[in-house]
Amino acid sequence: MKKYITTPIYYINGAPHVGHAFTTILGDVLKKFEQMRGNDVFYTTGTDEHGQKNQSSCQECGMAVQDFIDMRSGNFQKLFDAMKIDYDFFVHTSSQQHKNVVKDALDYIYKKGLIKKKSYEGLYCEGCEQFKKPSDLDEHGNCPDHQKAPKLITEENYFFPLEQDRQWLIDYINTHPDWIKPKRFAKEVLGMLAEPLDDLCISRPKSRVWLGVDLPFDDDFVTYIWFDALINYISSIGWKSQGDNAAFNETWAHCTHLLAKDILKTHAVYWPIMLKALGIEPPEHLIVHGYWLGEGGIKMSKSLGNVVDPYEVMDLMGIDPLRFYLCNAMSLSGDAQISIDLLKQGYKQLANNIGNLQMRVLKMIAKNLDGKVPSAAHLEAEDKALLENVANTFERIYKYGEPSLELVNELSAEILKAGDAVNAYFATQAPWVLAKDESKRERYEAVIYTTLDALRLIAVAVYPFMPSIAKKILVSLGQNDEIKAEFKPVVLKEGTQTIVGDPLFPFIA
Ligand code: ME8
């Protein structure tokens, strides 16, 4: 099956931080998970290069616009490349290809008579690039996400009415209980739909915002950043208002958007209604996550400056442990705190669990068995039960798991549980004692075999999170590093040469 996974496209008014890294890592983890199950995946990420806040940031830098865009967008792409994210397409909203699709979409909707011009007064938060209602603000009149008071703005603009589709959207959510995951966010969207929807202002006068896509029907205006940005999800896969959309339709049929809750309304209210106007079905799923909270327990954000720098983390521990930690620690029910100290704790947990197991067993067979995998001929019931338990757990998740936060949370937790179980088995069986007694040779070999084969299963299961570590483990077990979601126990062949390499998780202070 062909799947399409997207991340939000990020504003370029600041440097990427762990929040952006997380959503993009999550997409890569889900892509690898799907590929292991034999699905084809097209994965996009990228940058949102227009709008007032990018424009202000460009003016502050005093750079030529295209140089600014290239430099800032390049910072995101460099980070995602450094993190070895396997994206298939990097979106630039300033590309001609994207701009053409925005114009095509607007023109189509305009000609359908769905856009009207009127004068408007409202409170505008530049951080969100959205008009706010007084009820959206905190007790100080600030935007809760940006801790800044929005500005009162009065201007003439073009509007796209939403109210006429409110009941349709409510019905859609109620009849597609899996559309928004986790479910509590669907409830939140239904809450947003409890009141009539204001018309969406889809233009900005060029006198205020010049960094954007010209409206095709009035070049005194540019397109509102969100109307432009959301279109990336269809421009990236070649949608057009006229002609053959067969390739587009095939890719769009199984599309999952990943996002944090800050942009839930734009994705779960504006976007499906825009798509309906274009004659396109809503994306198959939205996967929504909470916030990483930085210092002060508030949402980590470029504007607030309380960010964890992904390069600092990668220098300290490498990318794989960061990927694993983020997927394991993101809360399913709310937000999650993050700091360098918490990341170090996560790293040490991996070192004590998978790292320790691999090093102990490989060193032991290097010493006593010339580094060769022993025979499986004398496995006892408890050895087989351990291997079957580990294999069945991973088999179930890979076979029936549907991409979601729950899935990455459960899989990462089961990997740590399996590591703990095998470590406990190893400690109880004490193979270093068995090794000293020639009469216990068969038992010794069975324990070593069981530990090695369990480690192999863990390596395969952990691949979406830690692709390099997974391959290193498989190579250390004398396996080729081709990864498939196959979880049969007792696969290692007797006599296979293993290798004690460098520690998987070297000591960090
Ligand atoms: O909203 N915790 O861009 P943006 C978790 N351009 N995730 C976080 C995060 C945090 N503290 N901070 C950022 C925009 N993110 C628009 C999107 S899409 C058509 C247009 C991640 O740079 C998370 O995925 O503000 C969030 O939704 C996104 O970055 C917002 O990025």
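A polar contact here is a pair of N or O atoms within 3.5 Å; within protein, one must be able to donate a hydrogen and the other to accept it, and residues adjacent in sequence count only if both atoms are side-chain atoms. With that in hand, look at T23, where a polar side-chain atom sits 2.7 Å from an oxygen atom of the ligand. Before going on, keep in mind that this is a predicted model, where local features need pLDDT of at least 70 and side-chain atom pairs count only at pLDDT 80 or more, while totals for chains, interfaces and linings use all residues. Residues are numbered from 1 along each chain as its sequence is written, and side-chain values use heavy atoms, with hydrogens and water left out.

Back to the ligand. D262 has a side-chain N or O atom 2.9 Å from a ligand oxygen, and a polar backbone atom of A260 lies 3.0 Å from an oxygen atom of the ligand. The protein covers 97% of the 670 Å² of accessible area that the ligand has on its own (Shrake-Rupley method, 1.4 Å probe). Elements giving two or more residues to the shell are β1 (2-11), α1, α7 (225-230) and α8 (232-235); these are DSSP runs numbered from the N terminus, helices being H or I with at least four residues and strands E with at least two. The largest share, four residues, comes from β1. In total 25 residues surround the ligand, and the closest are I9, T23, D48, D262 and W292; a residue counts as near if one of its heavy atoms lies within 4 Å. By class, the shell has 13 nonpolar, eight polar and four charged residues (Ala, Val, Leu, Ile, Met, Phe, Trp, Tyr, Cys and Pro are nonpolar, Asp, Glu, Lys and Arg charged, and the others, Gly among them, polar).

Now for helix packing. Helix α1 (residues 18-36) meets helix α15 (residues 405-429) at about 75 degrees, with axes 11 Å apart; axes are lines fitted to C-alpha atoms over the stretch in contact, and angles run from 0 to 180 degrees between N-to-C directions. That makes the pair roughly perpendicular, a label for 65 to 115 degrees. On the α1 side the contact (heavy atoms within 4.5 Å) uses F22, L26, V29, L30 and F33, and on the α15 side L405, L407, V408 and L411. This contact has nine nonpolar residues, with no polar and no charged ones.

Finally, some backbone details. Most residues other than glycine have a negative phi, and most peptide bonds are trans. E129, in the loop between β4 (116-125) and β5 (130-132), has a positive phi of about 55 degrees although it is not a glycine. The K181 to P182 peptide bond is cis, with omega near -10 degrees.

Key. Parallel < 35°, antiparallel > 145°, perpendicular 65-115°, else oblique.
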